[in-house]
Amino acid sequence: MYLYRLTGLSAPLIDSTALYINSSFLGYYSRIKMYNKNNTGVSSPELYKINMNFGSHNYPIYGETEKKIPDNDNYSTLINFLGILNNSSDEEWKEWFLNNADIDKVVKYISVQYFLEIGDTDTKNHFILFGPKFSFLPWDNDKSLRNSSETYNLEYNYLIKRILSIPEVMTEFKNYFRESFINSSAISGELASEVIRIRDEISDIVRDDPLDKYSHSLFLSQADSLVNLYFRKG
């Protein structure tokens with residue numbers, strides 16, 4: 001989430017806390033602040049968590065979708081969006097997207113996902129935001145930096161594939177990714193520094209964590225590997 005914020009996107013704040021029950025230490029945990037109507041970066045948010053399953057031909061959508069904000073059962077905005085996504089021609093889709101999406105936010109979101117190699121299968125869930133422009137909000141990035149068949153592939157997800165099929169969006173994505181993640185080490189350097197800060201902050205607690213199934217030496221080794229990876233990728 002820190003990397004999303006480095007690009008200027010809204011993303012949940014995460015902090016770390018030690019859990020004690022009856023004075024017994026039960027481990028160190030991350031706390032993540034859920035989105036609400038005040039922290040999405042837009043004034044009147046409409047937020048959905050949706051599985052983009054086989055191009056989202058999943059009508060009715062209620063079984064595959066959670067409406068996060070506001071708390072009501074009005075899915076009309078999402079239903080209209082899925083109709084356009086699945087049924088429009090390339091030209092119709094391009095015209096709608098360029099007029100109704102926040103291109104800058106979408107490009108930054110996809111760039112971070114690509115940089116972190118977030119596993120993006122055909123059932124990848126996204127937090128989709130309308131406010132009123134279409135964009136994404138970061139969430140559920142537990143499959144980052146995986147050496148597996150789920151490594152991020154721009155062709156896997158129907159929504160991302162259609163977005164990047166628009167030449168203007170693809171050009172902006174390539175330019176932003178090149179300037180921010182290839183030609184400059186500023187963002188990757190900041191990310192590496194944050195890993196070092198967190199490593200040093202929780203190192204002693206990880207060593208003493210009674211529930212941690214990984215060794216302290218493995219924790220340090222993985223943190224160092226992330227630092228080296230981010231500097232190499234930048």
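A residue is called buried when its relative accessible area is under 20%, exposed when that area is over 50%, and partly exposed in between, with a 1.4 Å probe and protein chains only. The structure is a predicted model, in which local features need pLDDT of at least 70 and side-chain atom pairs count only at pLDDT 80 or more, while totals for chains, interfaces and linings use all residues. Residues are numbered from 1 along each chain as its sequence is written, and side-chain values use heavy atoms, with hydrogens and water left out.

Helices (H or I, at least four residues) and strands (E, at least two) are taken as DSSP runs and numbered from the N terminus. In helix α3, which spans residues 90-100, the buried residues are Trp93, Trp96 and Phe97. Seen down the axis of α3, these buried residues fall within an arc of 95°, the arc being that of the directions from the helix axis to the C-beta atoms, so they line one face of the helix. The face of α3 that is turned away from this buried side carries the exposed residues Glu91, Glu95 and Asn99. With contact defined as heavy atoms within 4.5 Å, the buried residues of α3 pack against α2 (76-87), α4, β6 (134-137), α5 (158-164) and α6.

Trp93, Trp96 and Phe97 also belong to one aromatic cluster, whose other members include Tyr4, Tyr48, Phe81 and Phe130. Rings of Phe, Tyr and Trp (its six-membered ring) are paired if their centres lie within 6.5 Å, and planes under 30 degrees apart count as stacked, over 60 as edge-to-face and the rest as tilted. By this rule the count comes to 23 aromatic pairs. In one of them, Phe81 and Phe130 are arranged edge-to-face, at 5.6 Å centre to centre and with 70° between the planes. Because Phe81 lies in helix α2 and Phe130 in strand β5 (residues 125-130), this pair ties together parts that are 49 residues apart in sequence. Both Phe81 and Phe130 are buried.

Charged side chains were examined for salt bridges, defined as a side-chain nitrogen of Lys or Arg within 4 Å of a carboxyl oxygen of Asp or Glu, and the structure holds ten of them. Among these, Glu168 and Lys94 meet at 3.0 Å, N to O. The pair links distant parts of the chain, with Glu168 in helix α6 (residues 167-182) and Lys94 in helix α3, 74 residues apart. Glu168 is partly exposed at a relative accessible area of 37%, and Lys94 is likewise partly exposed, at 23%. Another salt bridge joins Lys68 and Glu66 at 2.7 Å, N to O; here Lys68 is partly exposed at 28% relative accessibility, as is Glu66 at 39%. Asp200, which is partly exposed at 48%, forms a salt bridge with Arg199, the closest N and O atoms being 3.0 Å apart, and a network of salt bridges links Glu194, Arg197 and Glu201.

Lys108, in helix α4 (residues 103-116), counts as buried at 14% relative accessibility. When its neighbours within four places in sequence are left aside, Lys108 is in contact with Thr7, Leu9 and Tyr176.

Strands are said to pair if DSSP finds at least two bridges between them. Strand β1 (residues 14-21) and strand β2 (residues 24-32) pair in the antiparallel sense over seven bridges, and Ile14 stands opposite Ile32 in β2. The hairpin of β1 and β2 has two residues between the strands, and Asn22 takes a positive phi near 55° there.
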